[in-house]
Amino acid sequence: MNVTSDDIKAVYEESNATQHYLSPNRKDNVKVYWEEAFSRFVFKQAILSIDTPAREKLRVLDVGAGIGDGYTLLSDLLAQEPSLDKCNLDYLGIDISPEMVETANNLYKNNTNVRFEQADIRKQIPESPFDLYLSCGVPYSHLTHEELETVLKILFERILKNQSPCAVVIDVLGRYSIEWQPHWSESRWNYNMSFFKSEGEAKPTLMSFYSHEHLEKIIRNAASEVNCPIKNLAFFDRSIVVGRHTSTGAFNRELPKYRNLVNSLLDPNQETDLNQLILRVESGDAPEYIIKFFHQFSGWWNTIIAEAAELLNESLEVNRVQLPANIESLDVLIKQNLANSVLTNDRQRIELAVAKRLQQLEQTCEPGYGVGHDLFGVVWLDTRNS
Ligand SMILES: C[S@@+](CC[C@H](N)C(=O)[O-])C[C@H]1O[C@@H](n2cnc3c(N)ncnc32)[C@H](O)[C@@H]1O
C-alpha cells in the first residue's frame, strides 16, 4: 500500500518530531560514539571513491534531510579527515515536512552554503548535478519498494544526463535486525516511531525493510532501465546489536536491552551486569546465511564479554571462539585506559575496554546483509563517457 505525502507529514508533525530532533537528550552514548562515527565512516568511503581529482567543493543533496543531521555529520567528517580538509560543502537538504524545512533553514540561516527546500522525493528531484546524493535516518524506508525503484530510476537518469561522477548513499531499515525478529518474514510493516516516546505516542506508519539482495536488485533494475552504468556498489550494516529498538523493546519484547547495557558500559558512573549482555539469536524466519552470520557474530560478541567477566572473577557460561584479528587485545585497551583520569577503578577500565572491543566488532565485522538497524547501500556512478 502506498503512503501519501500527507500521511508521512502527519507521522512527523503529530509526533512532534521537530522538537525531538532539537532536543539534546535524544543523543545517547551509542548514538554519539558508535552510530555517528559509523555514518561518517560510510560517508567517507562514499566521498573518497568518487572518481574526481582533488576537489575544492563537494555538492551534496541530502534526501529526507530533517533538520540537517546529514550536514553536521559531513562537516565534522571534513574537519577531521586530512584528505578532505580543503573541501567546502555546498549543501541542499530536501524534506517532505514543511515544519522540518522551516526549522532547518532557521538553524542554518547564517550559513550561506546550506539551504533546505520542501520536496517529496517521489515527485521532485532537483535537476542540477551533485557529487554526493546523501541520505541518513532511513528516509527511503518510507517509500514502497516500487517507489524506491522509480525514484532511483529518475535519479540515475539525471546523473546520466549530468555526466558528473558521483556517489549515492541509500539508507534504509535492515530487514533482519534482532530488534524486530518477529517481523523477519515481512518486508513492509507498520512501524512505530517509538523513539519519539518522550514526546507522546507516535502514529504507526508503513515502512519498508531490506536485505542487501533486495536492495541490490532494486538498484540494478533502476540503473539498467535507464542504461546507467554502475561503477561500484557496497553495503554496510549499522547497529547490529545496539539498534534503538533494543532499548524500547517495541517489536521484540524478549530481547535484553542491549543498547542500554552498552550505554552503561560507556558510562563510568554505572556498573553493568555483563551476564545480560550475552547475545542469543538462535532462530528466526530468515535465510540460512543470516542465521549462520548471527551464530558466528554472537560467538565473537559473547567471547568478548566472557573474557572481561573472567578478569572480574565473574563466571559466564559461554563457548569461547577465536576473535577476528582486528579486535584489539583486552589487556592493551585496559592499559590505555590507565591514562584516563576519569576512570578511577579497574571495573571502569575493563567496562570501557569491553565497549571498545564490541564497537570494533560491530564496525569491522558487519557483513552488509541487512542485519542491523540501518542498511546503507552506496552506489558509485561515472557517466562521463556514457
Ligand atoms: C527519520 S527522519 C531522518 C532525518 C535526518 N536525515 C536525520 O538523519 O536526522 C526521516 C525524514 O525523511 C523525511 N521524508 C519521508 N518521506 C519523504 C519523502 N517522500 N520525500 C522527502 N522527505 C521524506 C521525513 O519528513 C523525515 O524528516
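The chain exposes about 16,900 Å² of surface. Carbon and sulfur atoms supply 45% of that area. The model is predicted, and every value here is computed from it.

Charge comes next. The chain carries 38 positive and 54 negative charges.

Turn to the overall build. The chain holds 12 helices and 9 strands. Its radius of gyration is 21 Å, close to the 21 Å that the globule rule gives for 386 residues, so the chain is as compact as a globular protein of that length. Along the principal axes, the C-alpha atoms fill a box of roughly 65 × 45 × 40 Å.

Now look inside. Of the 386 residues, 58% count as buried, meaning under 20% relative accessible area. Contacts reach across the sequence as well. Take those between residues at least 6 apart in sequence: 76% of them join residues at least 24 apart.

Helix α9 spans residues 258-265. Why is α9 largely enclosed by the rest of the structure? The reason is that 7 of its 8 residues are buried. The buried residues of α9 are Y258, R259, L261, V262, N263, S264 and L265.

What covers these buried residues of α9? The cover includes four helices from separate stretches of the sequence: α3 (29-48), α8 (245-248), α10 (288-311) and α12 (346-364).

Notes. Residues are numbered from 1 along each chain as its sequence is written. This is a predicted model: local features need pLDDT of at least 70, side-chain atom pairs count only at pLDDT 80 or more; totals for chains, interfaces and linings use all residues. Side-chain values use heavy atoms; hydrogens and water are left out. Buried means under 20% relative accessible area, exposed over 50%, partly exposed in between (1.4 Å probe, protein chains only). Helices (H or I, at least four residues) and strands (E, at least two) are DSSP runs, numbered from the N terminus. Contact means heavy atoms within 4.5 Å. The radius of gyration is taken over C-alpha atoms; the globule rule is 2.2 Å times the number of residues to the power 0.38. Accessible areas come from the Shrake-Rupley method with a 1.4 Å probe; for residues, only the protein chains shown count as cover. Lys and Arg count as positive and Asp and Glu as negative; His and the chain ends are not counted. The place of a charge is taken as NZ of Lys, CZ of Arg, CG of Asp or CD of Glu.
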